[in-house]
Amino acid sequence: MNLSPKNAVGSVKNSVLCIIMVKIGRFNTLAVVKTVDFGVYLDGGNSVEILLPARFVPEGTQPGDTVDVFIYKDSEDRIIATTDVPYVQVGEFAYLQVSQVNDTGAFMDWGILGKDLLVPYSQQKSRMHAGGVYLVYVYLDEASGRIVASAKTERFLGNTLPEYKPGDEVDCLVTGETPIGYSVIVDNLHRGMIYANEVFRPLEEQETVRAYVKHVREDGKIDLRLGGDTRKRVGSLTESILLALRANGGSMAITDKASPEEIRAHFRCSKKDFKKAIGALYKARSIELRPDSIALAKKE
């Protein structure tokens, strides 16, 4: 394979330069250097040019334009660009399905046409099987410069100290349900827990949710809740309760003694927040509390 530096998609020297100038396994915004019959070449820095094949080139693209592209290595180990959006990028966790298994390892579908993601046998907790869905972490192998994945996810978590404040909004990947709530991966970096009494609907493994930091523990794990600021949540909920009362003729049988499941089904909130909202409405003399119901307060 003798490719000239001008085309710059295969040589070791140019691969090293690309690693320095662009982020392999991530999206990059690169300028178009020139157009050819089979695509366009993008500026990878230090005179390195990276091919974006014709089928991915946005219509009307001209030299000097910039394009958002994902950079990876193709099946011939050449650095190349695509506008395909992968299911996961380097530095992220995801649940992916194994498309095939061979002597090298398991290959997973990660949304890149014609290029599956390798999980070497050394990076598997137990032997993966075709069709199976597994949680993996995607990283750039320093020795080969290739994008690979690992099912040994624990070693990629908790390696930096969390620097969150209560109320900070974070992205969470749900990895399982426990007796006290849901275990999650926070911002692809930390372990976290969304407690059952903070959840207003069932969560599913593999689901991604936005959550809010309650507390960062000494061990670096993070306690989270689904709702935002308590005052805003309760304020919004009081309006929902008043609307429900008016729509139901002024009263309803759902009280603070109702089960968390019943409250969740009607108001999509935790029982804790529901009780706070009922308390706020009662304090404001907007409702009356009866033994088996709640009613709008009678106007004097």
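User: In strand 18, which residue is the bridge partner of Ser251?

Analyst: In this predicted model, Ser251 has Ala295 of strand 18 as its bridge partner.

User: What makes strand 16 and strand 18 a pair?

Analyst: A pair needs at least two bridges. Strand 16 and strand 18 (residues 293–296) have two bridges, in the antiparallel sense. They therefore count as paired.

User: Why is one side of strand 16 and of strand 17 left without a neighbour in the sheet?

Analyst: The sheet is open, with three strands in the order 16-18-17 and antiparallel pairing. Strand 16 (251–252) and strand 17 (287–290) each have a single partner strand, so they stand at the edges and one side of each has no neighbour in the sheet.

User: What makes helix 4 a helix that packs on this sheet?

Analyst: Helix 4 (residues 271–283) touches strand 16, strand 17 and strand 18. Touching here rests on heavy atoms within 4.5 Å. The direction of helix 4 makes about 115° with that of strand 17.

User: How do you know which strands pair with strand 6?

Analyst: The bridges decide, with at least two needed for a pair. Strand 6 (residues 93–101) is joined to strand 9 (residues 133–140) by five bridges, and to strand 7 (residues 105–109) by four. Both counts meet the cut-off, so strand 6 pairs with strand 9 and with strand 7. The strands run antiparallel in the pairing with strand 9 and in the pairing with strand 7. Gln97 stands opposite Val133 in strand 9 and opposite Asp109 in strand 7. Strand 6 and strand 7 also form a hairpin, with three residues between them.

User: Which strands form the closed barrel, and what is the pairing?

Analyst: Five strands form the barrel, running 11-12-13-15-14, and the pairing is mixed. From one strand to the next the twist averages 50°. Within the barrel, strand 11 (residues 169–178) and strand 12 (residues 181–186) run antiparallel and are joined by six bridges. Thr178 stands opposite Gly181 in strand 12.

User: Which residues lie nearest the centre of the largest pocket?

Analyst: They are Phe107, Lys115, Leu118, Arg146 and Ile147, out of 20 lining residues. A residue counts as lining when it has an atom within 4 Å of a pocket point. Strand 4 (66–73), strand 8 (117–120) and strand 10 (147–150) each give two or more residues to the lining. Strand 8 gives the most, with three residues. About 380 Å³ of space lies in this pocket.

User: What makes up the lining by class?

Analyst: Nine lining residues are nonpolar, seven are charged and four are polar.

User: How do you know where the coordinates call for caution?

Analyst: The mean pLDDT is 87, and 91% of residues reach 70 or more. Over residues 1–20, however, the pLDDT is below 50. Low pLDDT means that predicted coordinates should not be read in detail. Beyond near neighbours in sequence, that stretch has 30 contacts in the model.

Key: Residues are numbered from 1 along each chain as its sequence is written. This is a predicted model: local features need pLDDT of at least 70, side-chain atom pairs count only at pLDDT 80 or more; totals for chains, interfaces and linings use all residues. Side-chain values use heavy atoms; hydrogens and water are left out. On a 1 Å grid over the protein atoms alone, a cavity is a set of points where a 1.4 Å probe fits but cannot get out, and a pocket is an open set with protein on both sides within 12 Å along at least five of seven lines; lining residues have an atom within 4 Å of a point. Grid points are joined across faces, edges and corners, and a volume is the space filled by probe spheres set on the points. Ala, Val, Leu, Ile, Met, Phe, Trp, Tyr, Cys and Pro count as nonpolar, Asp, Glu, Lys and Arg as charged, and the others, Gly among them, as polar. pLDDT is the predictor's confidence in each residue, from 0 to 100. Axes are lines fitted to C-alpha atoms, for helices over the stretch in contact, and angles run from 0 to 180 degrees between N-to-C directions.
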